[in-house]
Amino acid sequence: MQRSDYLLSQLDVLEAESIHIIREVAAEFERPVLLFSGGKDSIVMLHLAKKAFWPAPIPFPVMHVDTGHNFPEVIEFRDRRVAELGVRLIVASVQESIDKGRVVEETGKWASRNRLQTTTLLDAIEEHRFDAAFGGARRDEEKARAKERVVSFRDDFGQWDPKNQRPELWNLYNTRIRQGEHVRVFPLSNWTELDVWDYIRREQLEIPSIYFAHTRRVFERDGMLLADSPYANRQEDEPVFEAMVRYRTVGDASCTGAIKSTATTLDEVIAEIAATRITERGQTRADDRTSEAAMEDRKKEGYF
């Protein structure tokens, strides 16, 4: 007879898998780092890292690749959360990369610093000699991410080759790399957006207010509602108006759209997500609309 107390819920299974991945990487690599933007996925990942090593402190730093075009609510939350946990925060600045001539600022209506993050990220990995970087990507987000491994190999140029990936049979991960190479690790690969929100509710995790419905000055571009900010390069034919909106994902303010919503509680957000048939990136990220293979092209170059 099967004992009911041995049965794990869907969230328990996902949590156990993610904690196993985090512990495995911490044991196998010398200098891991956790990429933390203050967004919902990285909040969950940081919480899982805390659980993985409790009562000991998290044994690696967190890093934010900062475009300088941020939502203030998210940066305030980022700084407060890392201070509460006592972890070391490294901020890799895209503006510094521009000032050093490593990248060139884009211009025009569709200008964004999103793609520029790749160079800043790779420079920071090289500077700090990180050999593994935890990311919050999930396979349900976008088709390029759907075919990426949990432990994803990057060559000595930081590039990803989707046709040359390592097998991960029976949840066994190949962690062997040579000097100059590194891996990206995605503990949330098998989670969905709904799983993330259910877990946030179950664990009672604090998240930035930007994820709940609020009144914001926005304008419409290509079917998306972008925040009226100095970073958005708003055109004269794009009038500003106030709307009740919330954000499904958090990124560079110049290319991250809001959605119209009245969801002001976790239960209301979860009900809204359960009913949608469009991924958060598909609905709200302008950087993924530049081409059919926009995300895969960026990832090949070394993007998150």
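Predicted model: local features only at pLDDT ≥ 70, side-chain atom pairs only at ≥ 80, totals over all residues.
## Helix 7 against helix 8

Two packed helices are described by the angle between their axes and the distance between the axes. For helix 7, which spans residues 193–203, and helix 8, which spans residues 266–275, the axes come within 10 Å and cross at roughly 165°. Since angles over 145 degrees count as roughly antiparallel, helix 7 and helix 8 are therefore roughly antiparallel to each other, and their crossing is left-handed.

On the helix 7 side the contact is made by Glu193, Leu194, Trp197, Asp198, Ile200 and Arg201, and on the helix 8 side by Leu266, Asp267, Val269, Ile270, Ile273 and Ala274. The residues of this contact divide into eight nonpolar, no polar and four charged.

## Helix 7 against helix 2

Helix 7 also packs with helix 2, residues 40–53, at an angle of about 55° and with the two axes 10 Å apart. Helix 2 and helix 7 are therefore oblique to each other, and helix 2 passes helix 7 in a left-handed crossing.

Here Lys40, Asp41, Val44, His47, Leu48 and Lys51 of helix 2 meet Glu193, Val196, Trp197, Tyr199, Ile200 and Glu203 of helix 7. The residues of the contact divide into six nonpolar, one polar and five charged. Glu193, Trp197 and Ile200 are among the residues of helix 7 that meet helix 2, and these three are also among those that meet helix 8.

## Burial and the end of helix 7

Within helix 7, the residues Glu193, Asp195, Val196, Trp197, Tyr199, Ile200 and Glu203 are buried. Of these, Val196, Tyr199 and Glu203 are among the residues in contact with helix 2. After helix 7 comes Gln204, which has a positive phi near 55°.

## The loop residue Ala213

Ala213 belongs to the loop between helix 7 and strand 7, and because its relative accessibility is 14%, Ala213 counts as buried. Leaving aside residues up to four places away in sequence, Ala213 touches Met244, Val245, Arg246, Ser261, Thr262, Ala263 and Thr264.

Strand 7, residues 214–221, pairs with strand 9, residues 241–246, in the antiparallel sense over five bridges, and Thr215 stands opposite Met244 of strand 9. Met244 is also one of the residues touched by Ala213.

Strand 7 and strand 8, residues 224–227, likewise run antiparallel and are joined by four bridges. In this pairing Phe219 stands opposite Leu226 of strand 8, while Arg221 has Met224 of strand 8 as its bridge partner. Strand 7 and strand 8 form a hairpin with two residues between them, and in the turn Asp222 has a positive phi of about 55°.

Note on methods: Residues numbered from 1 in each chain as written. Heavy atoms only, no water. Axes fitted to C-alpha atoms, helices over the stretch in contact; angles between N-to-C directions. Parallel < 35°, antiparallel > 145°, perpendicular 65-115°, else oblique. Left-handed = near helix turned anticlockwise from the far one by under 90°. Contact = heavy atoms within 4.5 Å. Nonpolar A, V, L, I, M, F, W, Y, C, P; charged D, E, K, R; others polar. Pairing = 2+ DSSP bridges. Buried < 20%, exposed > 50% of the residue type's maximum accessible area, 1.4 Å probe, protein only.
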